[in-house]
Structure formats: C-alpha cells, structure tokens
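Q: Could you show me how to read a protein model, one feature after another? I would like the general idea each time, and then the case in this structure.

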Amino acid sequence: ISRAKRSNQQFAIFFIDLDNFKNVNDSMGHAVGDELLVAIGSRVQASIRDSDIVARLGGDEFVVLAPEITGDVKVEELAERLIKAVSEPQMLAGRKVVANCSIGIALYPDNGQTMEELMANADNAMYQAKSTRDGSAIFFTAEMNLRLRERMQMEHDLNVALESGQLSLHFQPLFDTSGQPFPGAEVLLRWHHPEKGNVSPAVFIPVAEATGQIVAI
C-alpha cells in the first residue's frame, strides 16, 4: 500500500476459494485433499507474474497480490489464467480430479484504502462469484456491500421472526377434476414482516438454507 501510494499505482487482490473442496476430502480422504492443495498452490504460482505474490490463507483459500496493475483488462487476463490453471484435470490417488475455483477481485485504491478493507471486499466479491456459478471471477462493487448488509439484516430478521411467530403456514387445497374426493393440500410458508409486510419465500428461503435457519423453520 505504501509503495502504491508513493508511485500512484493500482494493485489487485485476488481472493481464491476452491469450489466443493469438501467433496474431495469426504470422498477421497484428507491426504488426497492435501495433495490437491499443494498442486493448486504450485499451479497458481506458475500462472502469475514474477512480481506477483501468492499465499495460502488456510483451508482451501489462496490470495494473490498483483502490484502495478495497469487496467481492468490485465486483471481479467490474470483471473482467467488462474481459473484455467486451477481447473486443469489432474490425477490423484488413481482418479482424475477437476477442481474449480471462485475468485473475488478488489483493486487499490478504488475498493479500499487499508488491508482490512481490501481483504474484506475481495472476500465479499468471492462469495458473489461462488453464488453465480463455479469457476468464475467477479470484481468488487459498492453494490455488493449493500447486498451483504441487506442479507445480514435478513438473517437477523429471520431469527426474530422464528422467535416471535411471524412465520405461518398456508394450506392451498388440491382438487381432482375427475370428481374424486378432496385429496389434500399443499403447505406453503409465509412470512409477514411487521415493517416490510409480506416477504416472498423466493427471497428468504435461499437465505435460510444458506445459514442453516431452514432447520428451525
């Protein structure tokens, strides 16, 4: 950051997370998972420039710091190289394994002035990429922070809704046009928020599933 300030230059943070890495550990064992991480680390290192830095944060997360970035196109090219390098098939324990990754990208100084801001925003962008599709990269935008705050607020509101009985069941009857007796009903979950009114299940059910609140629901 100090060097970029002095030279009035940009740099990029790439936050890389492997998609479905848990499946490798569960199906092939942690030893094979460790082999995969070592191989991915080597591939990432081989696909970056000499001036770039790669580090493993922990688990299946890696970070690449790319100094002296001259434009978005260069950033996109590096992201594409990283995705391609990670997804190349490899043989592990006698089986062909294909790993994908999601990448969040934050630029200095546009997306943060401190290490904490840049890392948080790159992490946020990575989760947006992961929710889009496997093997994708996304630039951080201010709108992402807004969506993140809205999501966190919804998580909080859902907890309150569970405790205060804001959720209810509606029974939609099923009819048989051949004249058979009434066969039953479809059970629908509805949420009436005291301030926002009726919240669509299409909005709150995915949040509940992602956070585990669906179990209590």
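Q: Is Val 199 buried or exposed?
A: The general idea is a cut-off: buried means under 20% relative accessible area, exposed means over 50%, and partly exposed lies in between (1.4 Å probe, protein chains only). Val 199 has a relative accessible area of 13%, so it is buried. Keep in mind that this is a predicted model, in which local features need pLDDT of at least 70, side-chain atom pairs count only at pLDDT 80 or more, and totals for chains, interfaces and linings use all residues. Residues are numbered from 1 along each chain as its sequence is written, and side-chain values use heavy atoms, with hydrogens and water left out.

Q: Which residues does Val 199 touch, not counting those up to four places away in sequence?
A: Contact means heavy atoms within 4.5 Å. With those sequence neighbours set aside, Val 199 touches Met 154, Trp 191, His 193 and Phe 204. As for Ser 131, 68 residues apart from Val 199 along the chain, the two C-alpha atoms are separated by 21 Å.

Q: In which strand is Val 199 found?
A: Helices (H or I, at least four residues) and strands (E, at least two) are DSSP runs, numbered from the N terminus. Val 199 belongs to strand E10.

Q: What is the strand order in the open sheet of 3 strands?
A: Two strands pair if DSSP finds at least two bridges between them. Here the order is E8-E9-E10, and the pairing is antiparallel. Strand E8 (167–174) and strand E10 (197–199) are the edge strands, each pairing on one side only. On average, neighbouring strands of this sheet are turned by 45 degrees against each other, direction ignored.

Q: How many bridges join E9 to E10?
A: Strand E9 (residues 184–193) and E10 run antiparallel and are joined by 3 bridges. To find one spot by eye, look for His 192, which stands opposite Asn 198 in E10. Helix H7 (residues 201–211) packs on the sheet and touches E9 and E10. For directions, axes are lines fitted to C-alpha atoms, for helices over the stretch in contact, and angles run from 0 to 180 degrees between N-to-C directions. The direction of H7 makes about 85 degrees with that of E9.

Q: Why can strand E1 be called largely enclosed?
A: Count its buried residues: in strand E1 (residues 10–19), 9 of the 10 are buried, so the strand is largely enclosed by the rest of the structure. E1 runs antiparallel to strand E3 (residues 61–69), with 7 bridges joining them, and Phe 14 stands opposite Val 64 in E3. E1 is also joined to strand E6 (residues 100–108), again antiparallel, by 9 bridges. There, Ala 12 has Leu 107 in E6 as its bridge partner.

Q: How many salt bridges does the structure hold?
A: A salt bridge is a side-chain nitrogen of Lys or Arg within 4 Å of a carboxyl oxygen of Asp or Glu. The structure holds 5 of them. One joins the side chains of Lys 130 and Asp 17, at 2.7 Å from N to O. This pair links distant parts of the chain, with Lys 130 in helix H5 (residues 115–132) and Asp 17 in strand E1, 113 residues apart.

Q: Which residues are linked with Lys 130 in a network of salt bridges?
A: Asp 17, Asp 19 and Lys 130 make up that network. Asp 19 forms a salt bridge with Lys 130, the closest N and O atoms being 2.8 Å apart. Asp 19 lies in strand E1 and Lys 130 in helix H5, so this pair ties together parts that are 111 residues apart in sequence. Lys 130 is partly exposed, with a relative accessible area of 28%. Asp 17 is buried, at 8%, and Asp 19 is buried, at 8%.

Q: Are Asp 26 and Lys 22 buried or exposed?
A: Both Asp 26 and Lys 22 are exposed. Their side chains meet in a salt bridge of 2.7 Å, N to O. The two are 4 residues apart in helix H2, which means they are separated by about one helical turn.
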